[in-house]
Amino acid sequence: MRTRDMRRAVAALATLVVVGGCTGPVVRVDGDQRQPDRVDATATPGGPLTDDGDRATGSGGGSGGSNSDGDGDQKGGESGGRAAPSSAPPGGNPAPAVPAKVLWSRGDEGFEVRELQARLRQVAWLHVGPTGTYDDLTVQAVKGFQGKRGLPRTGSTDTATWARLVGMTREPGKWELYAFGGQPAAEPDPRCLTGRVLCVSKTSRTLRWMVNGTTLTTVEVRFGSQYTPTREGVFSVYFKSRDHWSTLYDTAMPYAMFFSGGQAVHYSSDFAARGYYGASHGCVNVRDEAAIARLFAQVRIGDKVVVHW
(Lines give C-alpha, C1' and ligand atoms only; values in the text may rest on other atoms or scores of the structure.)
Protein backbone atom coordinates (compact mmCIF):
# COMPACT_ATOMS: atom_id res chain seq x y z
CA MET A 1 0.00 0.00 0.00
CA ARG A 2 2.81 2.38 0.90
CA THR A 3 4.62 1.53 -2.34
CA ARG A 4 1.47 2.34 -4.34
CA ASP A 5 1.12 5.73 -2.60
CA MET A 6 4.74 6.55 -3.35
CA ARG A 7 4.24 5.72 -7.05
CA ARG A 8 1.19 8.00 -7.18
CA ALA A 9 3.18 10.85 -5.60
CA VAL A 10 6.02 10.41 -8.10
CA ALA A 11 3.55 10.40 -11.02
CA ALA A 12 1.88 13.58 -9.75
CA LEU A 13 5.26 15.33 -9.45
CA ALA A 14 6.22 14.30 -12.98
CA THR A 15 2.92 15.71 -14.29
CA LEU A 16 3.61 19.05 -12.62
CA VAL A 17 7.05 19.26 -14.21
CA VAL A 18 5.69 18.46 -17.70
CA VAL A 19 2.87 20.98 -17.41
CA GLY A 20 5.18 23.67 -16.11
CA GLY A 21 7.64 23.30 -19.01
CA CYS A 22 10.67 25.64 -18.76
CA THR A 23 8.74 28.23 -16.78
CA GLY A 24 9.27 26.30 -13.61
CA PRO A 25 12.84 26.70 -12.31
CA VAL A 26 14.88 23.53 -11.92
CA VAL A 27 17.02 23.64 -8.80
CA ARG A 28 20.42 22.26 -8.00
CA VAL A 29 21.94 21.70 -4.59
CA ASP A 30 25.16 23.61 -3.85
CA GLY A 31 26.13 22.80 -0.34
CA ASP A 32 23.24 23.85 1.85
CA GLN A 33 21.96 26.38 -0.76
CA ARG A 34 19.27 25.58 -3.34
CA GLN A 35 19.75 27.81 -6.38
CA PRO A 36 17.91 28.07 -9.70
CA ASP A 37 19.91 26.40 -12.48
CA ARG A 38 17.72 27.67 -15.31
CA VAL A 39 15.06 30.34 -15.77
CA ASP A 40 12.37 31.04 -18.30
CA ALA A 41 13.91 31.76 -21.71
CA THR A 42 11.28 34.44 -22.36
CA ALA A 43 12.22 36.48 -19.30
CA THR A 44 14.28 39.64 -19.90
CA PRO A 45 15.36 41.04 -16.55
CA GLY A 46 15.90 44.77 -16.74
CA GLY A 47 13.66 45.36 -19.73
CA PRO A 48 13.89 44.62 -23.48
CA LEU A 49 16.93 45.39 -25.60
CA THR A 50 16.91 48.64 -27.52
CA ASP A 51 18.31 49.02 -31.05
CA ASP A 52 21.81 49.81 -29.81
CA GLY A 53 21.94 46.75 -27.56
CA ASP A 54 21.41 48.59 -24.29
CA ARG A 55 18.57 47.51 -22.08
CA ALA A 56 15.73 49.93 -21.69
CA THR A 57 14.92 51.20 -18.23
CA GLY A 58 12.81 49.08 -15.89
CA SER A 59 9.23 49.64 -14.82
CA GLY A 60 10.25 52.81 -13.02
CA GLY A 61 11.67 54.31 -16.23
CA GLY A 62 8.79 54.20 -18.68
CA SER A 63 7.90 51.64 -21.35
CA GLY A 64 11.10 49.66 -20.90
CA GLY A 65 9.58 47.83 -17.93
CA SER A 66 7.42 45.55 -20.10
CA ASN A 67 8.21 42.93 -22.73
CA SER A 68 6.76 43.92 -26.08
CA ASP A 69 6.51 41.61 -29.09
CA GLY A 70 6.51 44.59 -31.47
CA ASP A 71 2.79 44.81 -32.18
CA GLY A 72 1.69 46.52 -29.01
CA ASP A 73 0.57 43.40 -27.12
CA GLN A 74 2.21 42.78 -23.79
CA LYS A 75 3.77 39.40 -23.09
CA GLY A 76 3.38 37.63 -19.77
CA GLY A 77 6.39 37.39 -17.49
CA GLU A 78 7.54 34.58 -15.22
CA SER A 79 4.45 35.05 -13.09
CA GLY A 80 2.38 33.06 -15.57
CA GLY A 81 0.92 35.65 -17.95
CA ARG A 82 0.26 38.59 -15.67
CA ALA A 83 -0.10 41.71 -17.86
CA ALA A 84 2.35 44.57 -17.41
CA PRO A 85 0.97 47.92 -16.29
CA SER A 86 -0.38 49.99 -19.19
CA SER A 87 1.11 53.41 -19.96
CA ALA A 88 -2.11 54.59 -21.61
CA PRO A 89 -4.00 57.38 -19.86
CA PRO A 90 -7.36 56.65 -18.13
CA GLY A 91 -10.15 56.10 -20.61
CA GLY A 92 -8.22 53.78 -22.92
CA ASN A 93 -7.08 56.42 -25.44
CA PRO A 94 -3.31 56.37 -26.21
CA ALA A 95 -1.29 59.49 -25.54
CA PRO A 96 -0.91 61.56 -28.74
CA ALA A 97 2.54 61.46 -30.36
CA VAL A 98 4.51 64.66 -30.02
CA PRO A 99 5.42 65.90 -33.54
CA ALA A 100 9.11 66.40 -34.30
CA LYS A 101 10.24 70.01 -34.16
CA VAL A 102 11.00 71.60 -37.54
CA LEU A 103 14.53 72.98 -37.68
CA TRP A 104 14.74 74.31 -41.25
CA SER A 105 12.36 74.51 -44.18
CA ARG A 106 11.94 76.07 -47.62
CA GLY A 107 13.30 79.62 -47.80
CA ASP A 108 15.60 79.39 -44.76
CA GLU A 109 19.20 80.53 -45.16
CA GLY A 110 22.39 80.20 -43.18
CA PHE A 111 25.33 78.04 -42.23
CA GLU A 112 23.12 75.29 -40.78
CA VAL A 113 21.32 74.89 -44.11
CA ARG A 114 24.72 74.71 -45.83
CA GLU A 115 25.74 71.85 -43.50
CA LEU A 116 22.43 70.07 -44.16
CA GLN A 117 23.06 70.27 -47.90
CA ALA A 118 26.65 69.01 -47.54
CA ARG A 119 25.46 65.99 -45.55
CA LEU A 120 22.69 65.27 -48.10
CA ARG A 121 25.37 65.32 -50.79
CA GLN A 122 27.43 62.76 -48.84
CA VAL A 123 24.55 60.26 -49.04
CA ALA A 124 23.84 61.13 -52.70
CA TRP A 125 20.46 62.77 -52.17
CA LEU A 126 21.76 66.15 -53.35
CA HIS A 127 24.05 66.45 -56.35
CA VAL A 128 24.75 70.18 -56.39
CA GLY A 129 27.05 72.01 -54.04
CA PRO A 130 25.81 73.64 -50.82
CA THR A 131 24.37 77.11 -51.31
CA GLY A 132 23.14 77.94 -47.81
CA THR A 133 19.60 78.48 -49.14
CA TYR A 134 16.83 75.93 -48.53
CA ASP A 135 15.61 75.79 -52.12
CA ASP A 136 13.43 73.44 -54.16
CA LEU A 137 16.30 71.00 -54.78
CA THR A 138 16.88 70.77 -51.03
CA VAL A 139 13.18 70.15 -50.39
CA GLN A 140 13.15 67.29 -52.90
CA ALA A 141 16.36 65.81 -51.47
CA VAL A 142 14.96 65.86 -47.93
CA LYS A 143 11.69 64.28 -49.11
CA GLY A 144 13.61 61.48 -50.78
CA PHE A 145 15.73 60.88 -47.69
CA GLN A 146 12.65 60.86 -45.44
CA GLY A 147 10.67 58.51 -47.66
CA LYS A 148 13.53 56.02 -47.88
CA ARG A 149 13.58 55.75 -44.08
CA GLY A 150 9.88 55.73 -43.33
CA LEU A 151 9.76 59.29 -42.04
CA PRO A 152 6.96 61.72 -42.99
CA ARG A 153 7.78 63.15 -46.44
CA THR A 154 7.38 66.81 -45.52
CA GLY A 155 10.48 68.19 -47.22
CA SER A 156 11.22 70.15 -44.04
CA THR A 157 14.08 69.06 -41.81
CA ASP A 158 12.77 68.21 -38.37
CA THR A 159 14.64 66.83 -35.37
CA ALA A 160 13.97 63.20 -36.33
CA THR A 161 15.21 63.69 -39.90
CA TRP A 162 18.28 65.61 -38.78
CA ALA A 163 19.22 62.99 -36.16
CA ARG A 164 18.96 60.21 -38.75
CA LEU A 165 21.05 62.15 -41.30
CA VAL A 166 23.75 63.06 -38.77
CA GLY A 167 23.97 59.41 -37.73
CA MET A 168 24.68 58.37 -41.32
CA THR A 169 27.20 61.07 -42.26
CA ARG A 170 30.37 62.76 -41.04
CA GLU A 171 30.94 66.40 -40.24
CA PRO A 172 31.58 68.21 -43.54
CA GLY A 173 34.97 69.81 -44.12
CA LYS A 174 35.27 73.49 -44.98
CA TRP A 175 35.54 72.95 -48.72
CA GLU A 176 32.60 70.59 -48.73
CA LEU A 177 30.52 73.35 -47.17
CA TYR A 178 31.77 75.82 -49.79
CA ALA A 179 32.30 73.41 -52.68
CA PHE A 180 30.55 75.78 -55.05
CA GLY A 181 31.50 79.08 -53.47
CA GLY A 182 29.93 81.45 -51.02
CA GLN A 183 32.83 81.52 -48.57
CA PRO A 184 33.77 84.86 -46.95
CA ALA A 185 36.97 86.48 -48.18
CA ALA A 186 40.02 86.60 -45.92
CA GLU A 187 41.52 89.91 -44.87
CA PRO A 188 43.87 91.26 -47.55
CA ASP A 189 47.60 90.77 -47.16
CA PRO A 190 49.43 94.03 -46.18
CA ARG A 191 51.24 93.90 -49.55
CA CYS A 192 47.85 94.35 -51.23
CA LEU A 193 47.07 97.71 -49.62
CA THR A 194 48.91 99.94 -52.07
CA GLY A 195 48.60 100.29 -55.84
CA ARG A 196 46.60 98.17 -58.28
CA VAL A 197 46.63 94.58 -57.04
CA LEU A 198 45.15 91.17 -57.75
CA CYS A 199 45.17 89.98 -54.12
CA VAL A 200 44.81 86.19 -54.05
CA SER A 201 44.17 84.39 -50.74
CA LYS A 202 44.80 80.65 -50.54
CA THR A 203 43.23 80.63 -47.08
CA SER A 204 39.76 81.70 -48.21
CA ARG A 205 40.22 80.81 -51.90
CA THR A 206 39.23 84.26 -53.01
CA LEU A 207 40.67 86.98 -55.23
CA ARG A 208 40.23 90.65 -54.42
CA TRP A 209 40.76 93.27 -57.11
CA MET A 210 42.06 96.23 -55.09
CA VAL A 211 43.09 99.77 -55.92
CA ASN A 212 44.91 101.74 -53.22
CA GLY A 213 43.53 99.58 -50.42
CA THR A 214 39.91 99.55 -51.63
CA THR A 215 38.34 96.27 -52.76
CA LEU A 216 36.46 96.75 -56.04
CA THR A 217 35.66 93.11 -56.85
CA THR A 218 35.82 89.79 -55.02
CA VAL A 219 35.61 86.42 -56.81
CA GLU A 220 36.05 82.80 -55.77
CA VAL A 221 39.15 81.07 -57.11
CA ARG A 222 40.69 77.60 -57.30
CA PHE A 223 44.35 76.62 -57.29
CA GLY A 224 46.66 73.83 -58.40
CA SER A 225 46.84 70.46 -56.68
CA GLN A 226 49.72 69.33 -54.48
CA TYR A 227 51.43 68.03 -57.63
CA THR A 228 51.02 71.29 -59.56
CA PRO A 229 50.89 73.98 -56.84
CA THR A 230 50.18 77.62 -57.50
CA ARG A 231 53.25 79.70 -56.69
CA GLU A 232 53.11 82.13 -53.78
CA GLY A 233 54.68 85.57 -53.58
CA VAL A 234 54.56 88.97 -55.28
CA PHE A 235 54.37 89.04 -59.08
CA SER A 236 53.08 91.30 -61.84
CA VAL A 237 50.87 90.75 -64.88
CA TYR A 238 53.22 90.45 -67.85
CA PHE A 239 50.86 89.14 -70.58
CA LYS A 240 47.11 89.10 -71.30
CA SER A 241 45.27 86.83 -73.73
CA ARG A 242 41.50 87.07 -74.20
CA ASP A 243 41.00 83.72 -75.98
CA HIS A 244 44.07 81.83 -74.85
CA TRP A 245 44.51 78.11 -75.53
CA SER A 246 46.96 75.96 -73.58
CA THR A 247 49.03 73.81 -75.93
CA LEU A 248 50.55 72.02 -72.91
CA TYR A 249 47.20 70.79 -71.50
CA ASP A 250 45.12 71.20 -74.68
CA THR A 251 42.45 73.27 -72.96
CA ALA A 252 40.89 76.71 -73.15
CA MET A 253 42.10 79.50 -70.81
CA PRO A 254 39.79 82.46 -71.56
CA TYR A 255 40.62 85.89 -70.08
CA ALA A 256 44.13 84.75 -69.15
CA MET A 257 46.33 87.17 -67.22
CA PHE A 258 49.80 85.63 -66.84
CA PHE A 259 51.85 86.50 -63.77
CA SER A 260 54.46 83.70 -63.28
CA GLY A 261 55.73 81.59 -66.15
CA GLY A 262 52.77 79.62 -67.46
CA GLN A 263 50.58 80.39 -64.44
CA ALA A 264 47.75 82.84 -65.00
CA VAL A 265 44.48 84.06 -63.58
CA HIS A 266 41.79 82.86 -66.03
CA TYR A 267 38.24 81.58 -66.40
CA SER A 268 37.71 77.81 -65.95
CA SER A 269 34.58 76.02 -67.17
CA ASP A 270 35.68 72.98 -65.16
CA PHE A 271 35.71 75.06 -61.98
CA ALA A 272 32.26 76.38 -62.85
CA ALA A 273 30.98 72.82 -63.29
CA ARG A 274 32.82 70.88 -60.55
CA GLY A 275 33.66 73.50 -57.95
CA TYR A 276 36.33 72.56 -55.44
CA TYR A 277 36.01 68.89 -56.27
CA GLY A 278 38.70 69.54 -58.90
CA ALA A 279 41.94 71.53 -59.19
CA SER A 280 43.96 73.49 -61.74
CA HIS A 281 47.42 72.74 -63.12
CA GLY A 282 48.78 75.68 -61.14
CA CYS A 283 46.75 78.57 -62.49
CA VAL A 284 44.32 80.67 -60.49
CA ASN A 285 40.92 79.57 -61.80
CA VAL A 286 37.88 81.86 -61.71
CA ARG A 287 34.41 80.33 -62.03
CA ASP A 288 32.37 83.50 -62.66
CA GLU A 289 32.79 84.24 -66.37
CA ALA A 290 31.03 87.60 -66.27
CA ALA A 291 33.19 88.74 -63.35
CA ILE A 292 36.48 87.65 -64.95
CA ALA A 293 35.46 89.38 -68.19
CA ARG A 294 35.03 92.68 -66.29
CA LEU A 295 38.27 92.09 -64.41
CA PHE A 296 40.16 91.37 -67.62
CA ALA A 297 39.03 94.72 -69.00
CA GLN A 298 40.30 96.62 -65.93
CA VAL A 299 43.64 94.94 -65.21
CA ARG A 300 46.69 96.38 -66.96
CA ILE A 301 50.06 94.96 -67.85
CA GLY A 302 52.34 95.62 -64.87
CA ASP A 303 49.63 95.46 -62.20
CA LYS A 304 50.72 93.61 -59.07
CA VAL A 305 49.67 90.06 -58.17
CA VAL A 306 50.02 88.86 -54.57
CA VAL A 307 49.39 85.18 -53.83
CA HIS A 308 49.37 84.55 -50.08
CA TRP A 309 48.01 82.42 -47.24
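Two strands pair if DSSP finds at least two bridges between them. Keep that in mind as you open this predicted model and select β9 and β10: seven bridges join these strands, which run antiparallel.

**The whole chain**

Zoom out for a moment. The protein has 309 residues, and buried residues make up 32% of them. Its secondary structure comes to seven helices and 13 strands. Among contacts with a separation of 6 or more, 49% are between residues 24 or more positions apart.

**The sheet**

Now colour the strands. Nine of them form an open sheet with mixed pairing, in the order β8-β13-β5-β6-β7-β12-β11-β10-β9. The edge strands are β8, residues 233-236, and β9, residues 239-246, and each of them pairs on one side only. Look along the sheet to see its twist, which averages 30 degrees from one strand to the next.

Select β8 next. Which strand does β8 pair with in the antiparallel sense? The partner is β13, residues 304-308, and four bridges join the two. Click on Gly233 and then on its bridge partner in β13, Val307.

Bring up α7, residues 289-298. This helix lies across β5 (196-201), β6 (206-211), β7 (214-222), β9, β10, β11 (263-267) and β12 (284-286). Its direction is at about 40 degrees to β10.

**Aromatic rings**

Show the side chains of Phe, Tyr and Trp. How many aromatic pairs does the structure hold? There are eight aromatic pairs. Start with Tyr255 and Phe296: their ring centres are 5.8 Å apart and their planes are at 70 degrees, so this pair is edge-to-face. Tyr255 belongs to strand β10 (residues 251-260) and Phe296 to helix α7, so the pair ties together parts that are 41 residues apart in sequence.

Are these two residues buried or exposed? Tyr255 has 8% relative accessibility and counts as buried. Phe296, at 13% relative accessibility, also counts as buried. The cut-off for buried is under 20% relative accessible area.

Move on to Trp175, Phe271 and Tyr276, which ring pairs link into a cluster. The charged end of Arg205 sits over the ring of Trp175, 4.1 Å from its centre. Arg287 lies over the face of Phe271, and here the distance to the ring centre is 5.0 Å.

**Helix α2**

For the last stop, select α2, residues 111-122. With twelve residues at 1.5 Å a residue, this helix should span 16 Å; the C-alpha atoms at its ends are 17 Å apart, which agrees.

Highlight the buried residues of α2: Val113, Arg114, Glu115, Leu116, Gln117, Ala118, Arg119 and Leu120. What do the buried residues of α2 pack against? Show β3 (102-104), α3 (136-148), β4 (157-158), α4 (159-168) and α5 (174-177), and you have their packing partners in view. Finally, step past the helix to Ala124, which follows α2 and has a positive phi, near 65 degrees.

Methods: Residues are numbered from 1 along each chain as its sequence is written. This is a predicted model: local features need pLDDT of at least 70, side-chain atom pairs count only at pLDDT 80 or more; totals for chains, interfaces and linings use all residues. Side-chain values use heavy atoms; hydrogens and water are left out. Rings of Phe, Tyr and Trp (its six-membered ring) pair if their centres lie within 6.5 Å; planes under 30 degrees apart count as stacked, over 60 as edge-to-face and the rest as tilted. Buried means under 20% relative accessible area, exposed over 50%, partly exposed in between (1.4 Å probe, protein chains only). A charge sits over a ring if NZ of Lys or CZ of Arg is within 6 Å of the ring centre and within 35 degrees of the ring normal. Axes are lines fitted to C-alpha atoms, for helices over the stretch in contact, and angles run from 0 to 180 degrees between N-to-C directions. Contact means heavy atoms within 4.5 Å. The expected span of a helix is 1.5 Å times one less than its number of residues.
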